[in-house]
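Morning, everyone. Please have the sequence and the model open while I talk.

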Amino acid sequence: MSVFVMKDGVLHAEDVALSAVAARFGTPCYVYSLKALRDAYAAYRDALAGRDALVCYAVKANSNLAVLNVFARFGAGFDIVSGGELARVLKAGGDAGKIVFSGVGKTRDEMRAALAAGIHCFNLESAAELERLNEVAGALGKRAPIAFRVNPDVDPKTHPYISTGLKTSKFGVPYAEALPLYRRARSLPHVEICGIGCHIGSQLLDPAPAAEAAGKLLALVDALAAEGIALKHIDIGGGMGITYRDEQAPAAADYLAPTLKVLAGRKEHLLLEPGRSLVGNAGLLLTRVEFLKHGEEKNFAVVDAAMNDLARPALYDAWHDIRPVAPHDGAACIYDVVGPVCESGDFLGHGRELDLREGDLLAVMSAGAYGMAMSSNYNTRPRAAEVMIDGAQMHLVRRREALEDLFDTETALS
Ligand SMILES: *Cc1c(COP(=O)(O)O)cnc(C)c1O
């Protein structure tokens, strides 16, 4: 059941009216529900009950310290893709021993920081990265725990920008090169082979490709075992989709069932890296209508949030539901809901049927994942505030940027 519901004619997050959030913290503002985070995590925990499994939340989906801290308290691990995300997880109280480090371009500095922290595993994505990590770990007198992210070449049937497991992808190592890479790793003194992983894409609605990928990983695990290379864990990545509009998004248990069936009876520890499905529908972007422009061909609702706050519509043509916080009962009109940024691609939604007045509040739904995390200061716009709702309480978990914050790191020529 959604935590964002109408009560007394006003859209609420749990027990708090969104109008009260706007009055206290202003707009644009991201609003998250603690209960929705808890419920999303519980769905994974329940689906994995009785198995030796660790949910490593993919930090890039929403890296606010409060969100990370919530998952850390639930006992989650973390999937990171940069030294910055490592620092955030540690700052938020995450357990370094439950961190996996993904990404195609880890720098020496990032490797050193992760080794010093004592992370669970490096997910390596190339032969060159293996050599670099061996060298960096050797210089520190350490052995780096490693897994290869293998590209199982299955088609996840999602948007090409978020499809990552095909042969043509920059991610992962080709399936055919996996065995030689593990052999090479075995010969290196400063790495310790721990596991294998994959991540085939994002916003996946069909569970079959994930199960197919898991099967392909198992074939490699068995081939490696035959050569005396024993793996301790299998990491099946993230990618489970959510409902933005009318997608039939699976429940975690249903999405995972075919994969767990493929993995039944295996002794390897299971890792998962969900991002969007843990936070996407736990958040919304609250924005206010600045102006209504009624034109000959089109009507525009110009709001105070823009593509710099929520890039997904501009970037992927993503559809987000846009709901009035306090609906009127007059006649609706068709609006393009757009921001003030100087780009034609700056929109939050096209062709929405809404009855609007200047000053109205709108909630852009399903914005908890890849929302704030992808925001920028384009057009020298301060980044939005973020608020976490817990029952009837509001917690400011990131203050709105001040104008001085925006050029604090810059210097004019003297
Ligand atoms: C982005 C990413 C994830 C999370 O993907 P979601 O679709 O948000 O679940 C997991 N693992 C890796 C390696 C990623 O790059």
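Let's start with two helices. Helix 5 passes helix 6 in a right-handed crossing, meaning the near helix is turned clockwise from the far one by less than a right angle. Arg108, Met111, Arg112 and Leu115 in helix 5 meet Glu129, Arg132, Leu133, Glu135, Val136 and Ala137 in helix 6; contact means heavy atoms within 4.5 Å. The residues of this contact divide into five nonpolar, no polar and five charged.

A word on the source. This is a predicted model, where local features need pLDDT of at least 70, side-chain atom pairs count only at pLDDT 80 or more, and totals for chains, interfaces and linings use all residues. Residues are numbered from 1 along each chain as its sequence is written, and side-chain values use heavy atoms, with hydrogens and water left out.

Next, Thr287. Is Thr287 buried or exposed? Its relative accessibility is 1%, so Thr287 counts as buried (under 20% relative accessible area, with a 1.4 Å probe and protein chains only). Thr287 sits in strand 14, residues 283–294. Its side chain makes a polar contact with the side chain of Asp304, at 2.6 Å. A polar contact is a pair of N or O atoms within 3.5 Å; within protein, one must be able to donate a hydrogen and the other to accept it.

Last, Asn308. Find it in the loop between strand 15 (299–303) and helix 11 (312–316). Asn308 also counts as buried, at 1% relative accessibility. Which side chain does the side chain of Asn308 join in a polar contact? That of Arg381, at 2.6 Å.

How values were computed. Helix = DSSP H or I, 4+ residues; strand = E, 2+ residues; numbered from the N terminus. Nonpolar A, V, L, I, M, F, W, Y, C, P; charged D, E, K, R; others polar. Buried < 20%, exposed > 50% of the residue type's maximum accessible area, 1.4 Å probe, protein only.
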